[in-house]
Amino acid sequence: MKNVFEKFLAAAVVLVIGGLFVSFAYYQITGHRIDDPTGEKLAAVKSDRQVEQSASDQTSKQGPSIDEILSRSVSVALDSYHSPLVKFDAVTYKNSGDGNIMVDVSLNASYGLYKDNTISSYNKVAAHVFKEIYSSDLPVSNCSISFNVPLLNSQTGDEHIEMAYGIAMSREKASLINWNNIDDIDITQSTNHPYMHPSLRNLK
């Protein structure tokens, strides 16, 4: 009985090895697995991989979005001129209908001890933001910057956010500025008349 079992086991091993050899030989000759004689399964896998690679390549070719470029521009501006009174909040844009975009930059701000120093700091920040936005190669026709501060209602005690200072510049004005000398110019000479909240105007 033992000899019969051993012979059966040996025969099974031979069959398995023989099957593997046949499968390997078939694959070497045809390029397909024996359970995929037409190569459809392999072709489907290759097709899926090609689609995934194509999507990946397309994404890399598209480059950064407008939102990403604008956010990076504002971040670079705030790094190049750091003010403890100002932090990045958000940047948005809208199409103006003529192939250009209008950009709105929102900055979280606070007041300094004195009005002149506070406004000077805001203007320096604004100048660097304008520089980066108009150097981004985006079709920006106008850029507005708002400095928003938390204000306290003296009657109710409620705190709310309001724009303390607002300034805007058009592309036409920006094209006339030598941005290499950005720290030596009065940016307000090339912008609209800045908006100033009464609370800022009333600082000493």
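Analyst: Strand β3 (residues 140–152) is joined to strand β4 (residues 159–170) by eleven bridges, and the two run antiparallel. This is a predicted model, in which local features need pLDDT of at least 70 and side-chain atom pairs count only at pLDDT 80 or more, while totals for chains, interfaces and linings use all residues. Residues are numbered from 1 along each chain as its sequence is written, and side-chain values use heavy atoms, with hydrogens and water left out. Strands are DSSP runs of E with at least two residues and helices are runs of H or I with at least four, numbered from the N terminus; two strands pair if DSSP finds at least two bridges between them.

User: Which residue stands opposite Val 149 in β4?
Analyst: Glu 162 does. The hairpin of β3 and β4 has six residues between the strands, and Gly 157 there takes a positive phi near 80 degrees.

User: Is β3 mostly covered or mostly open?
Analyst: Mostly covered: ten of its 13 residues are buried, where buried means under 20% relative accessible area with a 1.4 Å probe, counting protein chains only.

User: In which sense do β2 and β3 pair?
Analyst: They pair in the parallel sense, over eight bridges. Ser 106 stands opposite Ser 146 in β3. With helix α4 (residues 115–134), β2 and β3 make a right-handed β-α-β unit; right-handed means that, with the strands pointing away from the viewer, the path from the first strand over the helix to the second runs clockwise.

User: And β1 with β2, over how many bridges?
Analyst: Strand β1 (residues 86–95) and strand β2 (residues 101–109) pair over nine bridges in the antiparallel sense. Met 102 in β2 is the bridge partner of Lys 94. The two strands form a hairpin with five residues between them, and Gly 97 in the turn has a positive phi of about 90 degrees.

User: Turning to helix α3, which residues are buried?
Analyst: Ile 69, Leu 70, Ser 73, Val 74, Ala 77 and Leu 78 are buried in α3. Seen down the helix axis, the buried residues fall within an arc of 165 degrees, so they line one face of α3; the arc is taken from the directions from the axis to the C-beta atoms.

User: What covers them?
Analyst: The cover includes β1, β2 and α4.

Technical notes:
Buried means under 20% relative accessible area, exposed over 50%, partly exposed in between (1.4 Å probe, protein chains only). Contact means heavy atoms within 4.5 Å.
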